[in-house]
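Dear colleague,

I am handing over the structure we talked about, and my notes on it follow directly below. Please read them with the model open beside you.

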Amino acid sequence: TGAALVVGAYWLFKSWKEERELKQRIEARRALSKKMTLEPRDDWSLHEIAKYTGSDPDLPILTAIDGEVYNVWRGSEWYGPEGPYHSIAGRDSTRFLAKQILEEEEDDGQPLDAMEIDTLNGWKEHFDFKYDKIGKLKDDGDAPPLSETTARAASRPAARSVGLASLVQLAESREDAATIRKAMAAVRDDEGAGGGNQVRRWVIHKEAHCARLITRVQEMMLAVDPEAPGYTEALLK
């Protein structure tokens, strides 16, 4: 009886501790979200957004796409100083995303073609869904014309996307894969420490991202049109 009471007390304390830690994490996340939130405005300049690169932990991360400004602080692991896409933080990333490049030296300087505009529109849909749009980038003379890609895209029918060549889908898939790897590592660590409830949470988290990844791959395969112009070239890039 005494042993049962001790075990019961231990589990009660453990549950209370986990619940308290969860509440603390939620409160910390809410505080961070409030600090990183910026009010929308329609007169952002390139000079202003240049300081929002993630280098200052007290400031969010901004990027501009075809005249729209996005707050991507929630993706700091991707756009922050240590992230693979840090080069598009704090700047107009329109041509970077459209041409699927990460460095200015890779820009061929040519106007965006039909496939590049489709790629850009895919990225815009991704950012619209995942991040906060906080206004517009004003045309202050330093930036390239903001209306060019939008006008060209609106003047012609939307082309069918080349699924596997879409950086948007690939980026989302990489995020899911990274989360799955993190969850698996956490499961191994928590199993060794005897953390049953935490292990179950990580497994559920992993399965959710696995399902997303499988669904996205299926959608990508269904969207592929092998006869589309430039399909083979896009896959070989």
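In which strand does Glu68 lie? Glu68 belongs to strand 3, which covers residues 68-71, where a strand is a DSSP run of E with at least two residues and a helix one of H or I with at least four, each numbered from the N terminus.

Two cautions come first. This is a predicted model, in which local features need pLDDT of at least 70 and side-chain atom pairs count only at pLDDT 80 or more, while totals for chains, interfaces and linings use all residues. Residues are numbered from 1 along each chain as its sequence is written, and side-chain values use heavy atoms, with hydrogens and water left out.

The protein contains nine helices and four strands. The four strands form an open sheet of mixed pairing in the order 1-4-3-2, two strands being paired if DSSP finds at least two bridges between them. Strand 1 (41-44) and strand 2 (62-65) each have a single partner strand, so one side of each is left without a neighbour in the sheet.

Strand 3 runs antiparallel to strand 4 (residues 132-137), and three bridges join the two; among the residues involved, Glu68 has Lys136 as its bridge partner in strand 4. Leaving aside residues up to four places away in sequence, Glu68 touches Thr63, Lys133, Gly135 and Lys136, a contact meaning heavy atoms within 4.5 Å. Glu68 counts as buried because its relative accessibility is 16%, the cut-off for buried being under 20% relative accessible area with a 1.4 Å probe and protein chains only.

Notes. Buried means under 20% relative accessible area, exposed over 50%, partly exposed in between (1.4 Å probe, protein chains only).
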